[in-house]
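Biologist: Please display the sequence and the coordinates before we discuss them. I shall then ask for one value or name at a time.

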Amino acid sequence: RNKGDNPHHLTRLGNCHLKLKDYDKAEECYLAVLAIDPNFGAAHSRLGLILGYRQDWIGAINYFTTCVEMDPRSVNARCNLANALCGSGYPKEGLKELDIGLEIEPQSYPLLRTKIVTLNILGRTPEAIELSDKALTYFPGDKQLSTMKERLIEGPKPRVIRELK
């Protein structure tokens, strides 16, 4: 077995390609990792991210579901799965994953942010505002959370309608 067959090295190489947004090369690396070790969680996770960037939500959901099955207590895996579910039009299912993740880690910043957005998508804006307040007690003065809350309170901006002359 040569050095190129090391799943850790291949994952790091894939991460470099991912950072450079060279998704094809990154995908090659992660698929090579899974050929060596089908249970290498990081490769499943990164492949899910790549498919998410490509808007291939079903593929992303499959990889993230595998991550959750491999490590049910991983809040990162649950957050990724929730994002993919929301992206594919299944926000209620995404919300279930977020709630499970928040039971494991109630102060998870990514889970809280994603849940605020998801509640709003579901038209549950008062709950989203309430969760923003709670999140701001964990992360006082956080700019992103404060901005999210302000936008939720303001509500959707009216669309500008122009007429062609």
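Biologist: Into which class does R54 fall: buried, partly exposed or exposed?

Modeller: The classes rest on relative accessible area, computed with a 1.4 Å probe on protein chains only: buried is under 20%, exposed is over 50%, and partly exposed lies in between. The relative accessible area of R54 is 33%. R54 is therefore partly exposed.

Biologist: What pLDDT do local features need?

Modeller: Residues are numbered from 1 along each chain as its sequence is written, and side-chain values use heavy atoms, with hydrogens and water left out. This is a predicted model, in which totals for chains, interfaces and linings use all residues, side-chain atom pairs count only at pLDDT 80 or more, and local features need pLDDT of at least 70.

Biologist: Which two helices does the salt bridge of E97 and R78 tie together?

Modeller: The side chains of E97 and R78 meet at an N to O distance of 2.5 Å. They are 19 residues apart in sequence, so the pair ties together helix α6 (residues 91-104), which holds E97, and helix α5 (residues 75-87), which holds R78. Both partners are buried, E97 at 15% relative accessible area and R78 at 9%. The two helices are α6 and α5.

Biologist: What is the relative accessibility of K149, the partner of D133 in a salt bridge?

Modeller: The closest N and O atoms of D133 and K149 are 2.5 Å apart. D133 sits in helix α8 (residues 125-138) and K149 in helix α9 (residues 143-154), 16 residues apart. D133 counts as partly exposed at 35%. K149 also counts as partly exposed, at a relative accessibility of 22%.

Biologist: How many disulfides does the whole structure have, and why does C16 form none?

Modeller: A disulfide requires a pair of cysteine sulfur atoms within 2.5 Å. For C16, the closest cysteine sulfur belongs to C29 and lies 8.8 Å away, which is too far for a bond. C67 is likewise in no disulfide, the nearest cysteine sulfur being that of C79, 13 Å away. A search of the whole structure gives a disulfide count of zero.

Biologist: Are helices α1 and α2 roughly parallel or roughly antiparallel?

Modeller: Axes are lines fitted to C-alpha atoms, for helices over the stretch in contact, and angles between N-to-C directions run from 0 to 180 degrees. Angles under 35 degrees count as roughly parallel, over 145 as roughly antiparallel, 65 to 115 as roughly perpendicular and the rest as oblique. The axes of α1 (residues 7-19) and α2 come within 8 Å and cross at roughly 165°. The two helices are therefore roughly antiparallel.

Biologist: Which residues of α2 make the contact with α1?

Modeller: Contact means heavy atoms within 4.5 Å. On the side of α1, the contact is made by P7, L10, T11, L13, G14, N15, H17 and L18. On the side of α2, the residues are Y23, K25, A26, C29, Y30, A32, V33 and I36.

Biologist: What phi does Q55 have?

Modeller: Most residues other than glycine have a negative phi. K21, in the loop between α1 and α2, has a positive phi of about 60° although it is not a glycine. Q55, in the loop between α3 and α4, is exposed at 55% relative accessibility. Q55 is not a glycine either, yet its phi is positive, at about 65°.

Biologist: How many helices does the protein chain have?

Modeller: Helices (H or I, at least four residues) and strands (E, at least two) are DSSP runs, numbered from the N terminus. The protein chain has zero strands. Its count of helices is nine.

How values were computed:
Salt bridge = Lys/Arg side-chain N within 4 Å of Asp/Glu carboxyl O.
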